[in-house]
Amino acid sequence: MPEEADTGATGPFTVLVADDNDVAQRLCRRVLEKAGYQVLIAADGLQAVEVALNQHPSMILMDVAMPGIDGLEAMRRIKAELPEMPIVIASAHSMASDRERFLAAGADNVLSKPFRLADLVAIVAKLALDRK
Amino acid sequence: MAAIAAVFAVQAAAGAGPVLAFPLYLTVILLTALQLSRTESLVTAGLAAVAILIPPFVEGDLPGNMVSALLLAVVLMAAAVAITGVVRRVRETAARAQRHTDDIAASEERLRMMLEAAMVGLALVDAEGRWVQVNERLGMILGRHRDELLHLPIEEVTAENDRAVLGEALALLRSGDIVRWEAELNQIRGDGTRVPVAIAIGTAPGHIPGETLLLVQESDISARKRLDGLRDCLVAVRRVIVGGATWEQAVPQLLSSLCAYLDLDLAQFWAADPDRQALRVRHYWHRDPEGFEIFREHSRAAAIPMGFGLLGRVWQSGVVAALENLSEANDYSSSDVARAAGLKSVIAIPVVDSGVVIGVIELLAGHPRSIEDDEVTMLSTVGVEIGQFIRRSDTTQALRRSEADHRAIFERSPIGIVRISGEGDLVEANPVLLAMLEYDFETMRGSAWPALLRAYDQAASRQRLAPLLAGITSGGSVQVRAGTGGGKWLWLQLTATSIPDSSGRPEHLLVMIEDVTAVRETSDQLAEALESQRGANANLEKLDRTKTEFLSIVSHEFRTALTGIQGFSELIRDGGLEPDEVRAYGGYIFNDADRINRLIGDMLDLDRMESGRMSIRTGDVDINEVLSEAMTRAGTSASTVEFKGDLDPRLPIVVGDRDRLIQVVSNLVNNAIKYSPDGGTVTLSTRAEGGYALVSVTDTGLGIPPDEIGHVFERFRRVRSGAAQSIPGTGLGLTIVKQIVEMHGGKIWVESAVGHGSAFHFTVPLVAENVTPLQRRHA
């Protein structure tokens, strides 16, 4: 599996869901697996960094408010190692200024919570398509 | 011859007889003796005797006739001798009397001549004071004919103001109390002018008893008087001028001196206008207090052009001029008014400064008065001296005014001013400063000023300014703190300026000292107010930030909860799920909806509590039971934390709102769990202490940083630093807890150390009464 991940462009499209809220974890896993993607779960920022660097998911769906280091710090650390890693910030911080803030921090896309399931699938599908 | 003819006539007629003829002969002899010389009488007597003898001889009658005729002749002769003797005696006596009378007449004439020729006026006055005899000289002195004088009493020709004293003297002389009186007084000449006389009145020597006659001796002393007057006048004027008075002060004295020494009644000083258009009255003086009002008013309103009238001419010419008799004058502008005021003569003196007539002194008298050459000379001198005096006085006055102005600035300046010597000694301090610092001058000089000087230098050195005595040219200010004599403390602002001497060294310094205490205090207060305003602003900003943060938190919480609700409900809606899935998703949805509900409840609670609209329902509450329940409930959800109970079994039942107290405890317990992310122990303990139930919730979690511990009970405040930054919460929990505890009459506080955990303690009163007022208040 790490070997597959290293190549990135090959193998199944893997989404790392980094979220401390187990309801959100469950929802995303359910929806994305249903859509045909592989799903990895991280419950906080440090875990997200660790999984991302070790398992090289195709993309990361990153919450912001998490214990330990928050999503933005985790994103910074991951991008430092893997600049090409697509990271979508999925946050309940959904004011207009937040979106700008996240994009400025390096996010490839932003998904505001709560979200329509179709929006989540579309964002992931677009990145999956880009990879090809 | 007539006698002889008479004898023969008698002889012829008395041919009848000698007896008849005898008386006739006797008569003839008597007549002859009276009328003619003695010889003729005797011859006539002889003839008569012969005539008597002839008839008897011729007729040759009887010898008896002869005898009787002879007898008759003898008697006749004897009678003739006797008669002539008597007549001669009488004649001699008469001649002697005549000679005596002539002698007396000559003597009297000589005396009269002497009287008339005397250089003094001499006269006799009777008991009533009437002139009885007056010599020519006296008539000349008084300017009247002697005969005119003889009808007047001496007092009538004496000046009015001398009459009283003269009258007294006459009375004393009459009564014999004195025999001689001497004086100098003024008398009135026939033309109305006055003449000063030296008068001596004495009881006339050798006068007839019963008749009082007084000898009056007068001499005209007008020349001496005038000279004396002129000299004294000049002396008086000079005395005033050198007296150091200002012109304004000196004027009344000058005018009164002129009047007094020149025997005048009224004086006015007319000053020329600066533009030299007119003379106007500036000063006025008169001898008597009344009678000149109209004249004065007239003068006051007058403006005399140059060359107009006596004054105008004097102004123009610069020469002393006079009008001896106003009633004859027609070029004196005020003649009617002056006459109405009883003024008779006027003298005008030009007041000259550097050849320019700057004013005119007008002198008026109530009597006609001539002016002599020597008076003109003297008055011209007076005019020049007064003119110079006016200029000096003006200069002096200007200097004095300038000095007074500066003095006034110094004395009355609202700020303190001191003058100090180049050595730093206090020379002068104005009253304001002494009042400000509550010292007398000596204390000020002795101790207060040196202290102030030191304070100045210290303050100056702090401001990198020169010390006071180093020579300050521009006023740099320093502020120093100084104590007053009254024990107050003032802030003084000192501004120094040095005043250099000719060599440029500071000769002395002026220091202006202002009491800026109020300013300082105000500015301090202002700074304080600004500071507190800034603090308030900061608080507002902080509040604003925390509110924004709160909104962000609340919306984040809501959206997080809604993410599950929306997502799973969308899945359910779209269908195609297993029944197990649907059930599980429904559970997630329920939990998140519940969480949202709690959040909303917290917010509403807090709002009600803060606005005072929340009531507590009182009832018996077993605190231990509340804590046990909370532990049980928390223990089921939090797996990483271990709970310990240390409950006092003797804790009495308290009176309170059970639901609210449960809310307090569960909130504290949840916090303890939340902030113990790495697990640990949460200890719940109760104790009865001082009438209160003391409840403590102690964890071994993250702890609260010292700078945040004071704010944990504030609304929207959450510990966000370090490891706690991502711990979710509304920031309302502890605020609500505190409100509930306080509504029960208790207190809540926290002890904490970062890395060691926190201990929250709260109390609930054991006595129900304490609750009542709160209950009532919030009901």
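Residues are numbered from 1 along each chain as its sequence is written, and chains are lettered from A in the order in which they are written. The model scores ipTM 0.88 and pTM 0.38.

**Confidence**

- Chain B has an average pLDDT of 81, and 89% of its residues score at least 70.
- Residues 769–779 of chain B have pLDDT below 50, and this stretch makes 18 contacts in the model beyond near neighbours in sequence. Two residues are in contact if their C-beta atoms, placed from the backbone, lie within 7 Å.
- Where pLDDT is low, the predicted coordinates should not be read in detail.

**Overall make-up**

- Chain A contains six helices and five strands, and its elements follow the order α-β-α-β-α-β-α-β-α-β-α from the N terminus. Helices (H or I, at least four residues) and strands (E, at least two) are DSSP runs, numbered from the N terminus.
- Chain B contains 22 helices and 22 strands.
- Of the 132 residues in chain A, 45% are buried; for the 779 residues of chain B the figure is 33%. A residue is buried if 20 or more other C-beta atoms lie within 10 Å of its own, exposed if 12 or fewer, and partly exposed in between, with C-beta atoms placed from the backbone.
- Among contacts with a separation of 6 or more, residues 24 or more positions apart account for 58% in chain A and 57% in chain B.

**Contact between the chains**

- Chain B contributes 18 residues to the contact and chain A contributes 16 residues.
- On the chain B side, the elements giving two or more residues are helix H16 (517–574) and helix H17 (579–610). H16(B) supplies the largest share, twelve residues.
- The chain B side divides into seven nonpolar, eight polar and three charged residues. Here Ala, Val, Leu, Ile, Met, Phe, Trp, Tyr, Cys and Pro count as nonpolar, Asp, Glu, Lys and Arg as charged, and the others, Gly among them, as polar.

**Strand E1 of chain A**

- Strand E1 (residues 14–18) of chain A is largely enclosed by the rest of the structure, because five of its five residues are buried.
- Thr14(A), Leu16(A) and Ala18(A) point one way from E1(A), whereas Val15(A) and Val17(A) point the other way.
- E1(A) runs parallel to strand E2 (residues 38–42) of chain A, with five bridges between them; Leu16(A) stands opposite Leu40(A) in E2(A). Two strands pair if DSSP finds at least two bridges between them.
- The β-α-β crossover from E1(A) through helix H2 (residues 22–35) of chain A to E2(A) is right-handed, meaning that, with the strands pointing away from the viewer, the path from the first strand over the helix to the second runs clockwise.
- E1(A) is also joined by four bridges to strand E3 (residues 59–62) of chain A, and these two run parallel. Val15(A) has Met59(A) as its bridge partner in E3(A).

**Nonpolar cores**

- The largest nonpolar core has 55 residues, and those with the most contacts inside it are Leu258(B), Val346(B), Val360(B) and Leu363(B). Such a core is a set of buried Ala, Val, Leu, Ile, Met, Phe, Trp, Tyr and Cys residues joined through C-beta atoms within 7 Å.
- Helix H9 (residues 247–262) of chain B gives the most to this core, nine residues.
- Beyond four places in sequence, the contacts of Leu363(B) include Leu258(B), Leu262(B) and Val346(B).
- Another core, apart from that one, has 49 residues, among them Leu16(A), Val49(A), Leu61(A) and Phe568(B).

**Buried sites in chain B**

- Ile623(B) belongs to helix H18 (residues 623–637) of chain B and is buried, with 24 other C-beta atoms within 10 Å.
- Leaving aside neighbours within four places in sequence, Ile623(B) is in contact with residues including Leu651(B), Val695(B) and Val764(B).
- The C-alpha atoms of Ile623(B) and Gly656(B) are separated by 9.8 Å, and the two residues are 33 residues apart along the chain.
- Ten of the eleven residues of helix H21 (residues 733–743) of chain B are buried, so H21(B) is largely enclosed by the rest of the structure. Lys738(B) and Gln739(B) are among the buried residues.
- Gly745(B) follows H21(B) and has a positive phi, near 85°.

Technical notes:
This is a predicted model: local features need pLDDT of at least 70, side-chain atom pairs count only at pLDDT 80 or more; totals for chains, interfaces and linings use all residues. pLDDT is the predictor's confidence in each residue, from 0 to 100.
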